[in-house]
Amino acid sequence: SKLIKDLQIYEHPIQETLEICREYKAVEAEAYLLDRAGDVEQSLEKFMEVFNKRLNSCLDKIDNEEQFDTSKLSRPIKLACDVCIRNSKGKEKGDPQTTDYWFFIFEKVMESYSKYILKIRKETTYSELVKAYQQIIGLIFNKMAQNIELIQILDRLKDKYCSLISTQLKNTFEYMIEV
């Protein structure tokens, strides 16, 4: 958003600007400032809040048979990935804290996917949303693989997500290879 670009260009007192963002409910800008202030966990929480708000907006529009745009879903995820990348600089690849940041994003996306998967899979009107999820999951994996050892990713996935239907995971990985 324009607000984040302005915050990146111009110096503002972080605490005062955070208060203004909270007052005006500029959650994306608040998340950016929280990262700058060193509160990575809260920053990622806020970006996921934006993602969920946009997801719910898409779902509401689908339910009301209105036009919807999934393109805005990936922006908070991209920004959350940027936070993870910034906070992994100077650390060893696969640093446990950095790994936790990446998996926080992944797990939040997977939670929402799991929550809506039955609804999404039953209706053809949701096919664009399924594609958006595949792109988002692919984005996270691609960025994650650049910052975490592959074996760490696979171990964590095996431990937590072995119950996923294999075709769902296969489709996601096939899409990731295409991108």
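Begin by selecting α4, which supplies the largest share of the lining of the largest pocket, 4 residues; helices here are DSSP runs (H or I, at least four residues) numbered from the N terminus. This is a predicted model, in which local features need pLDDT of at least 70 and side-chain atom pairs count only at pLDDT 80 or more, while totals for chains, interfaces and linings use all residues. Residues are numbered from 1 along each chain as its sequence is written, and side-chain values use heavy atoms, with hydrogens and water left out.

Now show the pocket itself, which holds about 210 Å³ of space (the volume filled by probe spheres set on grid points joined across faces, edges and corners). A pocket is an open set of points on a 1 Å grid over the protein atoms alone, where a 1.4 Å probe fits, with protein on both sides within 12 Å along at least five of seven lines, and its lining residues have an atom within 4 Å of a point. Of the 11 lining residues, select Lys25, Val27, Glu28, Val50 and Lys53, the closest to the pocket's centre. The elements giving two or more residues to this lining are α3 (27–36) and α4 (40–63).

Next, display α3 beside α4: their axes, lines fitted to C-alpha atoms over the stretch in contact, come within 7 Å and cross at roughly 160°. The crossing angle therefore makes α3 roughly antiparallel to α4 (angles over 145 degrees between N-to-C directions, on a scale from 0 to 180). For the contact (heavy atoms within 4.5 Å), select residues including Ala31, Tyr32 and Leu34 of α3 and Phe47, Val50 and Arg54 of α4.

Conventions: Parallel < 35°, antiparallel > 145°, perpendicular 65-115°, else oblique.
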